[in-house]
Amino acid sequence: MLDADHPREACGVFGVWAPGEQVANLVFYGLYALQHRGQESAGMAVADGRGVLVYKEMGLVSQVFDEPTLATLQGHLAIGHTRYSTTGGSRWENAQPAFKTNAAGGGIALAHNGNLTNTAALAESLAVAGPDGAPATAGRRPSSDTDVMAELLAREADLSLEEAIVRTMPRLEGAFSLVIMDERTLYGVRDRHGVRPLCIGKLPGGWVIASETAALDIVGATLVREVEPGEVVAIDEQGLRARRFAPAEPRLCVFEHVYLARADSTLAGQSVHQVRRALGAALAVEAPVEADLVIPVPDTAWSAAAGYAEASGIPFGEGLMKNRYVGRTFIQPSQTMRKLGIRIKLNPLREAIRGLRLVVVDDSIVRGNTTKAIVAMLREAGAREVHVRITSPPVRWPCFYGIDMPTRAELVASDLVTDEVASYVGADSLGY
């Protein structure tokens with residue numbers, strides 16, 4: 001509800017191979033650093049060379065795992081996941097990692113960031129039979145694209161997991177950055193376009209694979225490189241090895257730089273913070289305006305607002321205060337609280353903005369409702385003018401690659417030109 005004007009997050013994945021280390025604790029801190037990518041559920045799979053143990057639950061990372069739970073997750077390699085649902089509903093069954101047992105009795109755990117576009121066709125081809133040998137039409141069908149991928153790998157029992165991955169990945173269409181494991185080996189996989197990020201880090205006694213470099217930093221790992229688009233990397237006692245299942249055709253999602261990734265991460269060799277500053281500076285050139293103060297919509301627009309201020313010569317300042325403890329809530333708001341809307345998350349600094357002409361920098365407008373509420377709130381707090389500047393182009397089409405954008409009918413820019421969107425949100429001007 002509170003972020004309806006932003007693309008909803010992708011997921012975060014994290015894997016570690018580190019004999020002698022408390023791998024569950026490392027995964028916990030890695031997922032904690034990736035919490036911004038998904039807040040619905042969290043999970044972890046740990047292996048000790050003999051078996052794979054999976055623990056997952058609905059909620060934030062800090063709600064799902066505590067010290068007693070982590071103490072039971074012993075092994076030398078592990079993967080973890082923090083989820084925002086795209087394919088498959090928000091329920092425990094779809095929390096990750098997904099786990100399957102192949103015909104040879106081996107365990108496979110898989111965690112996924114992205115979204116497949118041919119899930120239905122793949123699920124139909126599986127036609128999973130029930131455990132009692134019932135006909136396929138009566139059996140359980142995979143409940144998500146992640147479940148489909150894990151089942152496909154489990155079906156390749158005649159191959160090693162590495163060979164199964166290389167054989168299966170070309171069948172998948174869409175976006176997928178994966179961490180996969182069996183009892184002894186950790187794998188990282190990225191689709192041929194590299195739509196979602198995935199990187200490799202080195203620990204003193206092991207290796208890490210993570211969605212973002214910020215997660216490497218928090219566990220003390222040094223960035224080695226990104227997993228290349230179309231590549232499978234494997235990590236075990238023999239070290240790191242890599243092989244390709246498809247030619248690389250890089251197409252990193254622009255919203256990773258604009259909104260999804262942490263500002264302290266590096267993507268495709270570029271600092272997210274510096275990219276956002278450059279976007280803000282470009283906005284100042286493309287959509288200048290006479291104003292007294294540039295303010296960001298916290299938190300992802302901070303870097304861009306600073307870039308806009310520097311390039312325009314307009315002072316940078318704070319105008320909105322964010323409640324940083326608003327996460328997932330299980331308490332339904334009353335009608336009175338619903339009327340307060342965005343104020344649950346943001347509140348204006350009245351003395352800082354009263355009587356001023358504001359440039360309000362944000363990363364995107366999706367439905368427009370939140371931007372409209374922010375503009376109204378700033379006017380009520382005494383702003384003389386409100387000029388909205390957005391660091392991404394107008395969102396006119398849905399996304400099918402791991403970001404939950406609504407149908408085209410719900411996108412405010414789908415059928416409105418810029419001036420009409422400005423009028424809808426109540427801004428004096430709008431620039432993308």
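Q: How many salt bridges does the count come to?
A: Side chains of opposite charge can pair when their charged atoms come close. In this predicted model, the count comes to 26 salt bridges. One of them joins the side chains of Arg192 and Glu249, at 2.9 Å from N to O. Arg192 sits in the loop between E8 and strand E9 (199–203), and Glu249 in the loop between E13 and helix H8 (254–260), so the pair ties together parts 57 residues apart in sequence.

Q: Which residue forms a salt bridge with Glu231, and how far apart are the closest N and O atoms?
A: The partner is Arg225, with the closest N and O atoms 2.9 Å apart. Glu231 counts as buried because its relative accessibility is 8%, whereas Arg225 is partly exposed at 27%.

Q: Where do Asp292 and Arg384 lie in the chain?
A: Their side chains meet in a salt bridge at 3.9 Å, N to O. Asp292 is in the loop between helix H9 (272–286) and strand E16 (293–296), while Arg384 is in the loop between helix H13 (369–380) and strand E20 (385–390); the pair links distant parts of the chain, 92 residues apart.

Q: Which residues are linked in a network of salt bridges?
A: The network links Glu162, Glu163, Asp236, Arg241 and Arg243. Of these, Glu162 is also among the buried residues of H6. Helix H6 (residues 161–168) is mostly covered, with six of its eight residues buried. Those buried residues pack against strand E6 (107–116), helix H5 (145–155), E7, E8, strand E12 (231–236) and strand E13 (239–244).

Q: What does the side chain of Asp182 reach, given that Asp182 is buried yet has no salt bridge?
A: A salt bridge needs the nitrogen and the carboxyl oxygen within 4 Å. For Asp182, the nearest side chain of opposite charge, Arg184, is 6.4 Å away. The Asp182 side chain instead reaches backbone nitrogens: that of Arg184 at 3.0 Å and that of Thr185 at 2.9 Å. Asp182 lies in the loop between strand E7 (174–181) and strand E8 (186–190). Beyond its neighbours within four places in sequence, its contacts include Leu161, Gly107 and Tyr187.

Notes: Residues are numbered from 1 along each chain as its sequence is written. This is a predicted model: local features need pLDDT of at least 70, side-chain atom pairs count only at pLDDT 80 or more; totals for chains, interfaces and linings use all residues. Side-chain values use heavy atoms; hydrogens and water are left out. Helices (H or I, at least four residues) and strands (E, at least two) are DSSP runs, numbered from the N terminus. Buried means under 20% relative accessible area, exposed over 50%, partly exposed in between (1.4 Å probe, protein chains only). Lys and Arg count as positive and Asp and Glu as negative; His and the chain ends are not counted. A polar contact is a pair of N or O atoms within 3.5 Å; within protein, one must be able to donate a hydrogen and the other to accept it, and residues adjacent in sequence count only if both atoms are side-chain atoms. Contact means heavy atoms within 4.5 Å.
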